[in-house]
Amino acid sequence: MTIQPTNTALLDWTGDTLAIALFEDAVELTGDLATLDEKCGGILKELIAEEEFTGKLNSTIVMRAGAGHPVRKVILVGLGKPEVLKLETLRRVAATVARTAKKQKTKTLAMSLPVWNNDPTATAQAIAEGTQLALYQDTRFKSEPEDKNPQIETIDLLGLGGQEAAITRAEQIVSGVILARQLVAAPANAVTPITMAETAIAIAKDYGLEIQILEKEECEKLGMGAFLGVAQASDLPPKFIHLTYKPAGTPKRKLAIIGKGVTFDSGGLNIKGAGSGIETMKMDMGGAAATLGAAKAIGQLKPDVEVHFISAVTENMISGRAMRPGDILTASNGKTIEVNNTDAEGRLTLADALVYADKLGVDAIVDLATLTGACVVALGDDIAGLFTPDDAVASQLQTASEAGGEKIWRMPMEDKYFDGLKSGIADMKNTGPRYGGSITAALFLKQFVKDTPWAHLDIAGPVWADKENGYNGAGATGFGVRTLVSWVLS
């Protein structure tokens with residue numbers, strides 16, 4: 001599929017399907033639309049009346065243009081109220097158009113959407129992102145594809161001529177999102193610590209990043225007892241991944257991104273029981289997937305920022321070697337942890353990754369993790385929780401998430417709640433009381449960052465979608481990649 005910006009006028013375009021976006025309660029046919037309707041014999045006006053089309057956000061109607069017309073079909077799509085038009089609106093509307101056009105067996109498509117905030121570059125990028133993400137289908141594990149409709153071959157963005165660089169930028173970011181989707185969606189027998197490391201090596205080779213994979217013995221030398229405690233039950237070796245992107249010149253800042261990389265979470269000896277969703281625990285490496293997806297995008301975008309992409313990758317399994325409830329682990333900063341729940345393993349892997357990143361001399365650290373069901377209870381499926389004691393980093397990430405079209409909400413870091421993590425025989429326990437579980441999890445992580453501004457994103461909810469939503473189909477969403485890229489580029 002090729003997306004190409006063009007200054008071809010709406011009335012001059014020829015092809016299969018022409019999509020036109022209209023604001024809510026402003027669907028009068030004037031100017032070019034009136035001329036188009038006239039060429040179509042007045043069918044457009046009749047259909048708007050019959051379908052009571054008002055331009056409500058993402059509503060659509062489709063009509064045949066009639067014999068002899070240079071356009072086979074016309075799609076009208078609603079933009080909602082003009083005063084609330086955002087880039088995210090354009091992403092979602094473009095996704096709606098793309099899916100609708102594909103169902104109409106379209107091969108050549110043109111979109112006529114408004115320019116956001118007099119910014120054709122941002123507009124073209126948003127439309128291209130929404131389109132590509134909506135049309136992506138993961139058929140890797142099917143013997144033959146279920147969708148037999150022809151694929152859209154070309155998409156013309158009318159009125160956006162000269163924005164080729166914005167389209168390329170969108171494609172680079174989307175490639176990272178799709179990688180994250182593929183990693184999260186793949187089963188745990190396909191995505192293992194070994195294959196995650198191989199993916200990181202491939203990114204380094206393809207895009208010129210530095211790569212270091214710490215094996216178990218090297219992690220032992222660094223004292224990563226928390227990470228290795230989780231890893232010790234698995235038959236597969238743990239992999240501590242450290243990718244580094246360095247710009248050609250002096251970086252304007254240095255950042256670290258850490259992703260939780262538990263490729264399958266059985267719960268350990270506190271095994272996940274019936275109804276726990278254990279069959280979905282292949283997605284417990286969603287943070288690491290977003291981290292590698294961001295690395296792939298950043299490697300292509302090449303900003304003047306140094307970025308370290310880190311993940312302590314392992315399975316959380318059950319065997320005679322498994323850590324037991326009540327065991328005490330020692331993290332690489334010397335902190336001791338009483339394991340009162342082996343199913344709170346992600347924070348143990350992140351603990352040693354945070355200590356490692358804190359020693360790199362970066363300006364800020366962000367970690368992403370499918371960490372707690374408590375955050376899903378608090379914020380639902382669409383919103384990630386943002387935890388940080390640093391207002392500047394919080395502001396940066398909130399701005400980046402808005403630009404990327406991913407929802408986050410800042411949550412409190414109530415220091416008093418750490419009392420629930422206190423242990424009588426160690427420095428802390430790995431879980432606290434039932435209530436405020438996402439907060440105590442963040443407070444646990446805070447103990448492993450000494451000097452560096454830091455934020456934690458709990459992405460347990462939005463990493464997966466049970467049904468089609470916006471430009472995401474049901475399944476893995478690739479959440480976090482666009483926010484991370486926007487943060488790095490800001």
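**Exercise 1. Which residues does UniProt list for "domain: Cytosol aminopeptidase"?**

Solution. The unreviewed UniProt entry lists residues 341–348 under this name. UniProt positions are given in the numbering used here, feature names are shortened, and annotations may be inferred rather than shown by experiment. Over residues 341–348 the chain is 38% helix and 0% strand, and the end C-alpha atoms lie 11 Å apart. Helices (H or I, at least four residues) and strands (E, at least two) are DSSP runs, numbered from the N terminus.

The model is predicted: local features need pLDDT of at least 70, side-chain atom pairs count only at pLDDT 80 or more, and totals for chains, interfaces and linings use all residues. Residues are numbered from 1 along each chain as its sequence is written, and side-chain values use heavy atoms, with hydrogens and water left out.

**Exercise 2. Describe the surroundings of Q163.**

Solution. First, locate the residue: Q163 lies in the loop between β6 (154–158) and α5 (164–185). Second, classify it: Q163 has a relative accessible area of 13% and is therefore buried (under 20%; exposed is over 50%, partly exposed in between; 1.4 Å probe, protein chains only). Third, list its contacts (heavy atoms within 4.5 Å): not counting residues up to four places away in sequence, Q163 touches P5, P120, T121 and A124. Finally, the side chains of Q163 and T121 make a polar contact at 2.8 Å. A polar contact is a pair of N or O atoms within 3.5 Å; within protein, one must be able to donate a hydrogen and the other to accept it, and residues adjacent in sequence count only if both atoms are side-chain atoms.

**Exercise 3. Is K282 buried or partly exposed?**

Solution. K282 sits in the loop between β10 (261–265) and α9 (286–301). Its relative accessible area is 21%, so K282 is partly exposed. A polar atom of the K282 side chain lies 2.7 Å from the backbone oxygen of A185.

**Exercise 4. Characterise the interface of domain 1 and domain 2.**

Solution. Begin with the bounds, which come from an automatic or database domain assignment: domain 1 (2–157) and domain 2 (171–489). Next, 15 residues of domain 1 are in contact with 21 residues of domain 2. The two domains bury about 1,600 Å² between them, buried area being the accessible area (1.4 Å probe) that two parts lose on being put together, summed over both. R99, L133 and Y136 supply 38% of the area that domain 1 buries against domain 2.
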